[in-house]
Amino acid sequence: MKKLVLMFFAAALTMSVSAQALMESKLLDNMYIGVNGGVAVKTTQHTNWMGNLNPNLGVRIGKDFTPVFGFAIESNVYFSNKPGESIGTVVRSMNTMGLATLNLSNLFGGYKGEPRLFEVTAIYGLGWGHTFGHSGSGVTSSREEFSGNSLVTRDNTLTSKAAIDFGFNIGSKKAWQVYIEPAMIWTLGNSPVKTNVNYDINYSGFQANVGFIYKFKTSNGTHNFKYADLRDQGEIDALNAKINDLRGDLDGKDAQLAAKDRQIADLQAALDECNNRPVPEPVVQNTTVTNLQPTVLFRQGKSVVDQAQYAPIELIATYMKNHPEANIEIKGYASPEGSAELNQKLSEDRAEAVKKILVNKYKISSDRLTTKGCGATDELFEQVEFNRVATFNDNSK
């Protein structure tokens, strides 16, 4: 008994170590069901083993808690009580037991991530046996014992079983197992003949069964235990460092987006201010040309319109939409710095740049727009840099 306790203690330790690497199992994971059948023979009160074989059939339902330790409930029915004579019932006795299972292959060899092709499992259990029929017929049943010259009957009794399963896991997913099981079954007591509870060879039987079980599919996608995909600490540290770097980049992007949002807000405020200004009445210089007040400023040596200079262009577009008869001449100018040829080209490019914006962005017909490069000047405005402009004239008036 001490060796048996030590064996189960070792199994518990192995369970604890193995469970650290296994994927977590749910309540109904690693369940199985199966049937078995074979023959049994009493170890006493017989004269011929092969002539006193009792056929039996059984059902087993169980669960593996770890690759080493499990529990099952089994019930077997027996169809004769040899060497006693039949008293007319088909099923003469039944034995129902709770079984603890200990996978010796995984205990000593370790679990490899899936069941081996061949495994050895130790089984021990306690249960309840019942005999159908009684001695009223005058015939001795399998649960009847002799005490001197007296015949007594045991209908219910405590039983125990010790067995070794030699199992073969079959199929690509190892969902099926076929096993051969030699076992010893004891009647422990509860009879007029045997009142003490102990393991006595005179109240026992030998049984040899063959069975098969089906293991239900588990939450990990297989029919058995599966190792979790564990990572070493170095890999975890590297992943954490990468996450921190990405967080830093994200913080930098947030700051840039905030700055862009502020810039957009400033430009929108400036545009709103321009939109709220009343459109000035054109100044009539002569009977044929009206000089419109809005002007577009350019940077030195540049013909690209800055975003902030879209406001006066939008005012001209609004004016032309309100006055469909208007035809606008766009004049480009340059400040006196640089050569005359460069400034002439620069003034023409500035006028064309403003025209493209009116046509492409504000959908003004190009037929209503003309451009002219007026070269360098310092006469439009006192400040020299203010002469880098484009002006608008309404030639329809």
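1. K345 is partly exposed, because its relative accessibility is 45% (buried means under 20% relative accessible area, exposed over 50%, partly exposed in between; 1.4 Å probe, protein chains only). D349 falls in that class too, with a relative accessible area of 27%. The two side chains meet in a salt bridge, 2.8 Å from N to O (a side-chain nitrogen of Lys or Arg within 4 Å of a carboxyl oxygen of Asp or Glu). Both residues lie in helix α5, four residues apart, about one turn of the helix. Helices (H or I, at least four residues) and strands (E, at least two) are DSSP runs, numbered from the N terminus.

2. On the model itself: it is predicted, local features need pLDDT of at least 70, side-chain atom pairs count only at pLDDT 80 or more, and totals for chains, interfaces and linings use all residues. Residues are numbered from 1 along each chain as its sequence is written, and side-chain values use heavy atoms, with hydrogens and water left out.

3. The whole structure holds eight salt bridges. One of them pairs R60 with E74, at 2.7 Å from N to O. R60 sits in strand β2 (residues 54–64) and E74 in strand β3 (residues 69–78), so this pair ties together parts 14 residues apart in sequence. Both R60 and E74 are buried.

4. R60 also bridges to D165, with the closest N and O atoms 3.1 Å apart. D165 belongs to strand β8 (residues 156–170) and R60 to β2, so the link spans parts 105 residues apart in sequence. D165 is buried, as is R60. Through shared partners, salt bridges join R60, E74, K161, D165 and E181 into one network.

5. Now the nonpolar core (buried Ala, Val, Leu, Ile, Met, Phe, Trp, Tyr and Cys residues joined through side-chain atoms within 4.5 Å). The largest one has 23 residues, of which V305, I330, V354, L358 and F392 touch the most other members. At least two residues each come from β12 (290–297), α4 (310–322), β13 (328–334), α5 (340–360) and β15 (389–394). Helix α4 gives the most, six residues. In soluble globular proteins, nonpolar side chains tend to be buried together.

6. Last, the surface. D245, D249, D251 and D254 form a negative patch (residues with over 30% relative accessible area and no salt bridge, like charges joined within 9 Å; Asp and Glu count as negative, and the charge is placed at CG of Asp). D251 is found in helix α3 (residues 233–276). D251 counts as exposed because its relative accessible area is 52%.

Terms used: Patch = residues over 30% accessible without salt bridge, like charges linked within 9 Å, V, L, I, M, F, W, Y side chains within 5 Å. Areas by Shrake-Rupley, 256 points an atom, 1.4 Å probe, with all protein chains shown as cover.
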